[in-house]
Amino acid sequence: MPTDNSVTEKRARLSPEKLALLEQRLRGANSLDAGRSRIQSRPHDGALPLSFAQQRLWFLNQMEPDSAAYNISRVFSFDGQLD
């Protein structure tokens, strides 16, 4: 973990342009993000569509309710070095 002294030293070695950019970013006025649009939050006024994987799990559950088919565990034993 850097000490305050090392951060101060690194900051002192910055060019005036880089120091101005650092101060601008620390203030949160990053000009690179200024023109970017954000993904809008979707309203939660109803059911959301399922992904294909979720649809498949729903279908398998309808065909065989309370099945543990998707919860099969396996154990592997390896001898020797692995690469």
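Is Asp 66 buried or exposed? Select Asp 66 and find out: Asp 66 is exposed, at a relative accessible area of 78% (exposed is over 50%, buried under 20%, partly exposed in between, with a 1.4 Å probe and protein chains only). Before moving on, some ground rules. This is a predicted model in which local features need pLDDT of at least 70 and side-chain atom pairs count only at pLDDT 80 or more, while totals for chains, interfaces and linings use all residues. Residues are numbered from 1 along each chain as its sequence is written, and side-chain values use heavy atoms, with hydrogens and water left out.

**Stay on Asp 66**

Asp 66 sits in the segment after helix 3 (52–63). Check the backbone there: phi is positive, about 60 degrees, although Asp 66 is not a glycine. Most residues other than glycine have a negative phi.

**Zoom out to the whole chain**

Switch to a cartoon. You'll find 3 helices and 0 strands, running α-α-α from the N terminus (helices are DSSP runs of H or I with at least four residues, strands are E runs of at least two, both numbered from the N terminus). Now colour by pLDDT, the predictor's confidence in each residue from 0 to 100. The chain averages 82, and 86% of the residues score at least 70. Confidence is lowest in helix 1, with a mean of 84, and highest in helix 3, at 91.

Of the 83 residues, 0% count as buried. The chain exposes about 8,700 Å², with carbon and sulfur atoms supplying 55% of that (areas are from the Shrake-Rupley method with a 1.4 Å probe, and for residues only the protein chains shown count as cover).

**Select Glu 23 and Arg 11**

Here is a salt bridge, with the closest N and O atoms 3.1 Å apart. The pair links distant parts of the chain: Glu 23 is in helix 2 (residues 16–26) and Arg 11 in helix 1 (residues 4–12), 12 residues apart. The count comes to 1 salt bridge (a side-chain nitrogen of Lys or Arg within 4 Å of a carboxyl oxygen of Asp or Glu). Glu 23 is partly exposed at 31% relative accessible area, and Arg 11 is partly exposed too, at 37%.

**Select Pro 49**

Hop to the loop between helix 2 and helix 3, where Pro 49 is found. Pro 49 is exposed, at 61%. Setting aside neighbours within four places in sequence, Pro 49 is in contact with Arg 42 and Gln 54 (contact is heavy atoms within 4.5 Å).

**Last stop: Trp 58**

Trp 58 lies in helix 3 and is exposed, with a relative accessible area of 52%.
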